[in-house]
Amino acid sequence: MRVLRDIVEAFRIALYAMRANKARGALTTLGIIIGIVAVILTMTAANGLQNTFRQSFASVGADVIYVSRMPWVIQGDFFLYRNRPQLDLKMAAELESRLRGKAIVNPTMDTGRDVKYRSETQSGLRIIGTTEKQSLVASAQPEIGRFLNEFDVTYKKNVCVIGTDVRDALFGSANPLNQSINIGRTRFRVIGVMEKQGGSFLGGPNFDRQIYIPITSYVKAFGGQHGRQGVDIAVKAPSKEALEELEFEVMGEMRKIRKLRPTQDDNFSINKLDTLVGAFNNVMGVVLLVGLLVTSISLFVGGVGVMNIMFVSVTERTREIGIRKSIGAKPYSILLQFLFESASICLLGGTIGIVVASILTAVINKVLMPASVSFLILFLAVAVSIAVGVVAGLVPAIRGSRLNPIEALRYE
Amino acid sequence: MTRASEDLRQPDTVAALSLRDVVKTYDMGTIQVQALRGVSLDIARNEYVSIMGPSGSGKSTLMHVIGCLDVPTSGTYTLEGQTVADMSENQLAEIRNEMIGFVFQTFNLIPRVSIFQNVELPMIYAGISRGERRRRATAAIERVGLADRMKHKPNELSGGQRQRVAIARALVCNPSIILADEPTGNLDSKTGAEIMGILDGLHDEGQTIILVTHEDYIAQHARRTIRLRDGVIESDEEVRAS
């Protein structure tokens with residue numbers, strides 16, 4: 001109770017002192033404001049990148065595993081993977097029958113081709129041969145028209161569903177439905193346009209610049225050694241919770257399909273969104289750490305400014321310290337007084353910094369990427385600014401509290 | 001002021017403070033300066049004592065020791081039954097807070113805060129509640145006749161008014177002794193007389209007052225005069241009523 005009252009009084013005294021030296025307080029506070037803004041923006045930027053990443057890969061699907069020849073994120077020696085045999089359509093069919101309807105299995109093949117509509121040419125679009133189950137595996141649905149159906153796949157129809165960026169590039173504002181485009185040397189009829197899926201995060205795949213065609217037509221048009229090469233198999237779990245068990249089962253079945261002996265390593269990879277997220281988080285962690293380290297320097301400089309001003313404040317008020325001691329102030333009362341003063345300066349700076357950073361974040365959110373300031377970041381910013389104040393004020397405050405009252409009273 | 005009224009019932013019988021063979025040596029690097037060379041004296045409750053002496057006589061040092069701003073190098077100092085030597089800095093601060101009321105030549109008010117807050121300050125360090133502080137600070141300021149200046153800052157007041165504030169501040173914690181160090185030194189003689197009038201009044205109410213001065217006519221207000229020279233007591237005598 002006594003301590004609480006001391007703290008309240010010390011805070012009041014600190015506020016008076018700050019009001020008395022407005023210009024000096026404002027300049028000192030500026031250093032802290034800049035430091036706090038820098039730290040918050042670093043964290044916000046990291047948060048924004050994470051959000052962008054999540055949005056970009058939303059269409060990959062959190063409950064889908066992808067069986068491929070290669071892992072998405074290669075760890076270690078690439079040469080360990082290059083001699084792996086290809087996956088083919090037969091394996092996809094076998095996997096589907098072995099899973100006995102426990103999951104949706106969708107094989108895909110893909111390649112890059114130039115696509116032409118009248119005089120417009122787009123080079124290097126991603127052409128994906130898939131089945132009607134694509135729309136069950138991934139969340140993206142056609143925006144206009146329809147997706148591929150069983151009939152298209154069975155009868156090797158030359159029809160295609162294009163991404164929004166493809167539509168914009170080839171057709172502009174014209175209606176693409178039932179128009180014919182050339183993919184490579186084959187003509188395909190546009191039957192649908194996918195809704196926007198995003199992507200192209202840090203040079204990653206752009207899901208809006210791809211074209212879906214029936215996998216049978218794909219084999220007919222682009223070969224891929226009649227479906228014996230470059231097949232990826234998507235397996236969608238009935239729920240996100242079932243994913244882990246399914247992954248285990250798929251791994252077992254694939255080993256049987258590949259006729260691997262127990263001692264042999266897998267010669268295929270099972271990929272999922274978590275693989276990407278994990279790799280991304282590793283990179284992001286390092287970036288965030290370096291960013292915080294660099295921005296902490298500016299906060300440190302701000303803290304040094306506060307320490308400097310606190311030394312001035314203590315020297316200036318030597319006589320006041322003498323007076324306070326003569327009427328009964330204990331060393332710790334003096335210590336608290338100056339600590340509160342420096343903590344208040346920093347808390348004020350931190351608060352203004354939070355406001356400024358929030359405004360800047362709102363601007364970033366509008367023009368650059370989806371970013372927001374979380375409560376955790378705000379709480380940290382407040383805690384850090386108080387801590388900087390206490391640390392910066394400590395040495396000057398100790399010096400003030402140790403002054404000899406007689407000498408302090410004589411000080412002019 | 002319960003303590004003051006108790007004092008009135010038993011004047012001159014209880015020692016407020018006593019010094020025995022107090023020596024104070026200052027270590028000035030190569031040489032040592034003996035400011036007090038064995039001072040012994042007793043001051044009873046409700047006494048009105050002046051300490052006189054030329055500069056360098058050790059009267060400032062004696063005041064610092066009595067005011068618990070400093071501790072003797074050797075000898076004992078007892079204040080209200082408590083031995084001051086060997087006290088920690090915190091204990092000394094408590095003694096200053098509860099038992100001593102300082103009135104300085106240069107007033108020593110805190111410039112940035114109001115008269116009321118200046119007077120309130122010792123009670124903040126004493127841990128007295130807000131309401132009680134308000135009541136006692138107001139009473140003390142009224143006692144020195146500055147009720148209408150409570151919200152003013154010290155630099156808006158005349159020297160005499162500032163010294164009244166200092167007296168009010170010295171009074172609020174009901175000290176055992178009021179220690180006035182040249183209280184009129186920075187004032188003209190008329191204002192100085194007013195300040196001495198207030199101190200006289202406090203003595204009449206039972207307050208123990210120690211006055212450090214080098215002016216004879218100021219010392220005349222006290223009932224007893226102690227003269228220091230070269231760190232020892234030269235004389236200690238009653239002042240004849242003038």
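**A hairpin, its sheet and the parts around it**

In this predicted model, strand 1 and strand 2 of chain B make a hairpin in which two residues lie between the strands, and Gly29(B) in the turn has a positive phi of about 75 degrees. Strand 1 covers residues 15-28 of chain B and strand 2 covers residues 31-44, and the two run antiparallel, joined by 11 bridges. One pairing to look for on screen is that of Tyr26(B), whose bridge partner in strand 2 of chain B is Val33(B).

At the strand 5 end, strand 4 (residues 74-79) of chain B runs antiparallel to strand 5 of chain B, and two bridges join them. Leu79(B) has Gln82(B) in strand 5 of chain B as its bridge partner.

Most residues other than glycine have a negative phi. Glu80(B), however, has a phi near 50 degrees, a positive value in a residue other than glycine. Glu80(B) counts as partly exposed because it has 14 C-beta neighbours inside 10 Å.

Chain B also holds an open sheet of six strands, in the order 6-7-8-3-9-10, and here the pairing is mixed. Its edges are strand 6 (100-103) and strand 10 (232-238) of chain B, each with a single partner strand, so one side of each is left without a neighbour in the sheet. On average, and with direction ignored, neighbouring strands of this sheet are turned by 20 degrees against each other. Within the sheet, strand 7 (residues 177-181) and strand 8 (residues 208-212) of chain B pair in the parallel sense over five bridges, and Ile178(B) has Ile209(B) in strand 8 of chain B as its bridge partner.

The loop between strand 7 and helix 7 (189-204) of chain B contains Glu182(B). Glu182(B) is not a glycine, yet its phi is positive, at about 45 degrees. Glu182(B) counts as buried because 20 C-beta neighbours lie inside 10 Å, and a residue is called buried if 20 or more other C-beta atoms lie within that distance.

Turning to chain A, we can begin with the way its helices pack. Two packed helices are described by the angle between their axes and the distance between the axes. Helix 11 (residues 273-316) and helix 14 (residues 375-401) of chain A have axes 8 Å apart, and they pack at an angle of about 25 degrees. Helix 11 of chain A and helix 14 of chain A are therefore roughly parallel to each other, and helix 11 of chain A passes helix 14 of chain A in a right-handed crossing. The residues that meet include Leu299(A), Gly303(A) and Phe311(A) in helix 11 of chain A, and Val388(A), Pro396(A) and Arg399(A) in helix 14 of chain A. By class, this contact of helix 11 with helix 14 of chain A has 11 nonpolar, four polar and one charged residues.

Helix 11 of chain A also packs with helix 2 (residues 22-56) of chain A, where the axes come within 8 Å and cross at roughly 175 degrees. That angle makes helix 2 of chain A roughly antiparallel to helix 11 of chain A. The residues of this contact of helix 2 with helix 11 of chain A divide into 17 nonpolar, 11 polar and one charged.

Helix 11 of chain A includes Thr275(A), which is partly exposed, with 18 other C-beta atoms within 10 Å. Leaving aside neighbours within four places in sequence, Thr275(A) is in contact with Trp72(A) and Val73(A).

Finally, the contact between the chains takes 18 residues from chain A and 21 residues from chain B. Helix 1 (2-20), helix 12 (318-326), helix 13 (331-367) and helix 15 (405-410) of chain A are the elements that give two or more residues to the side of chain A that touches chain B. Helix 1 of chain A gives the most to that side, with five residues. By class, the side of chain A that touches chain B has nine nonpolar, three polar and six charged residues.

Technical notes
Residues numbered from 1 in each chain as written. Chains lettered and ligands numbered in written order. Predicted model: local features only at pLDDT ≥ 70, side-chain atom pairs only at ≥ 80, totals over all residues. Axes fitted to C-alpha atoms, helices over the stretch in contact; angles between N-to-C directions. Helix = DSSP H or I, 4+ residues; strand = E, 2+ residues; numbered from the N terminus. Parallel < 35°, antiparallel > 145°, perpendicular 65-115°, else oblique. Left-handed = near helix turned anticlockwise from the far one by under 90°. Contact = placed C-beta atoms within 7 Å. Nonpolar A, V, L, I, M, F, W, Y, C, P; charged D, E, K, R; others polar. Pairing = 2+ DSSP bridges. Buried ≥ 20, exposed ≤ 12 C-beta atoms within 10 Å, placed from the backbone.
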